[in-house]
Amino acid sequence: MDFLNTNTGQNNFNNPNGGHTAIYIDDRPTNNVEGRMTVSGSLMQNIGDPGFNTLDEPIKTTIMRDLKAVGMKFKHVLYLKEKNTLLKEWDLWGPLMLCTFMAMVLQASPDSIQVGDGGPEFAEVFVIIWIGSVIITLNSKLLGGTISFFQSVCVLGYCLLPIVIALIVCRFILIFEQTNFLFFIRFAISIGSFLWSTYASVVFLGDSQPQGKKALAVYPIFLFYFIMSWLVLSHTV
């Protein structure tokens with residue numbers, strides 16, 4: 001094993017007994033550690049370092065770091081430059097925010113419910129999104145997919161972003177008096193978001209499916225985003 005010393009006066013030497021790495025600091029050996037360690041003039045406080053602990057940092061720092069990570073994943077869904085980001089660093093914060101926002105916007109108002117022309121309830125949208133994601137994930141695993149359950153749910157949730165953007169735009173269009181032309185615009189926006197969400201999810205999840213079974217894995221994804229896009233298009237309240 002290699003012995004390292006921060007004191008330039010001590011020479012490095014080899015020991016035939018392999019295993020751990022001993023680090024000498026000021027001519028005093030520290031405890032043996034496994035893996036790669038970078039010794040610097042300050043304590044190791046970077047993410048992934050053995051000495052890093054989120055309990056030792058301010059809450060604001062933790063929240064801002066998580067929000068930045070969610071924003072970067074949103075960016076990857078829209079631009080599709082790094083397709084492995086959502087799989088390697090998965091989380092459910094982004095899907096939860098998108099799901100909650102869609103459920104709040106799509107839920108029917110009390111007046112519309114009385115006249116029988118309301119949209120889905122908050123819980124209905126919430127259940128459709130999460131149960132749909134779970135069914136697609138189980139289908140992928142049964143077909144021999146190589147990614148984990150939560151990785152798949154993460155990708156499906158983040159890929160709702162184009163549909164959420166379409167929902168915001170269509171909601172703005174509904175402010176004006178509706179005409180056939182405005183309906184056509186809403187239709188085009190909904191179809192575009194549906195195609196982009198489906199394409200993005202296939203890009204992220206396509207490599208995890210075995211050859212010859214990708215069509216079986218893509219079909220429920222296609223159906224899932226079609227239903228969500230239909231909810232956006234049919235929302236007129």
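# Cavities, core and buried residues in a predicted model

The largest cavity in this predicted structure has a volume of about 40 Å³. A cavity is defined on a 1 Å grid over the protein atoms alone, as a set of points where a 1.4 Å probe fits but cannot get out. A pocket, in contrast, is an open set with protein on both sides within 12 Å along at least five of seven lines, and lining residues have an atom within 4 Å of a point. Grid points are joined across faces, edges and corners, and a volume is the space filled by probe spheres set on the points. Rolling a probe the size of a water molecule over the atoms shows where empty space is left.

Residues are numbered from 1 along each chain as its sequence is written. The model is predicted, so local features need pLDDT of at least 70 and side-chain atom pairs count only at pLDDT 80 or more, while totals for chains, interfaces and linings use all residues; side-chain values use heavy atoms, with hydrogens and water left out.

**The chain as a whole**

The protein chain contains nine helices and three strands. Helices (H or I, at least four residues) and strands (E, at least two) are DSSP runs, numbered from the N terminus. Along the sequence, their order is β-β-β-α-α-α-α-α-α-α-α-α. Of the 237 residues in the protein chain, 35% are buried. Here, buried means under 20% relative accessible area, exposed over 50%, and partly exposed in between (1.4 Å probe, protein chains only). Among contacts between residues at least 6 apart in sequence, 61% join residues at least 24 apart; contact means heavy atoms within 4.5 Å.

**The nonpolar core**

A nonpolar core is a set of buried Ala, Val, Leu, Ile, Met, Phe, Trp, Tyr and Cys residues joined through side-chain atoms within 4.5 Å. The largest one has 37 residues, and those with the most contacts inside it are Met 102, Ile 129, Leu 160, Tyr 225 and Met 228. At least two residues of this core come from each of the helices H1 (59-79), H3 (93-106), H5 (122-142), H6 (149-158), H7 (161-173), H8 (180-205) and H9 (214-234). Helix H9 gives the most, with six residues. In soluble globular proteins, nonpolar side chains tend to be buried together.

What does Tyr 225 touch, leaving aside its neighbours within four places in sequence? Its contacts are Val 155, Leu 156, Cys 159, Leu 160, Ile 163, Phe 194, Ser 197, Thr 198 and Ser 201.

**The cavity and a pocket**

The whole structure has two cavities of 30 Å³ or more. The largest cavity is lined by Ile 136, Asn 139, Ser 140, Ser 152, Leu 205, Gln 209, Ala 217 and Ile 221. H5 and H9 are the elements that give two or more residues to this lining, and the largest share, three residues, comes from H5.

H5 and H9 also each supply at least two residues of the lining of the second largest pocket. This pocket holds about 160 Å³ of space. Its lining consists of Ile 128, Ile 131, Gly 132, Ile 135, Ile 136, Tyr 219, Pro 220, Leu 223, Phe 224 and Ile 227.

**Individual buried residues**

| Residue | Relative accessible area |
|---|---|
| Cys 154 | 0% |
| Thr 137 | 1% |
| Cys 170 | 3% |
| Ser 229 | 6% |
| Gln 209 | 8% |

Gln 209, one of the residues lining the largest cavity, lies in the loop between H8 and H9. Its side chain is joined to that of Ser 140 by a polar contact of 2.3 Å. A polar contact is a pair of N or O atoms within 3.5 Å; within protein, one must be able to donate a hydrogen and the other to accept it, and residues adjacent in sequence count only if both atoms are side-chain atoms. Not counting residues up to four places away in sequence, Gln 209 touches Ser 140, Leu 143, Gly 145, Lys 214 and Ala 217.

Thr 137 belongs to helix H5. Its side chain reaches the backbone oxygen of Ser 133 at 2.8 Å. Beyond its neighbours within four places in sequence, Thr 137 is in contact with Phe 149, Ser 152, Val 153 and Leu 156. Thr 137 and Ala 217 are 80 residues apart in sequence and 9.1 Å apart in space, C-alpha to C-alpha.

Ser 229 is located in helix H9. Leaving aside neighbours within four places in sequence, Ser 229 is in contact with Ile 163, Ser 190, Ser 193 and Phe 194.

The structure holds zero disulfides, a disulfide being a pair of cysteine sulfur atoms within 2.5 Å. For Cys 154, the nearest cysteine sulfur is that of Cys 159, 8.8 Å away.
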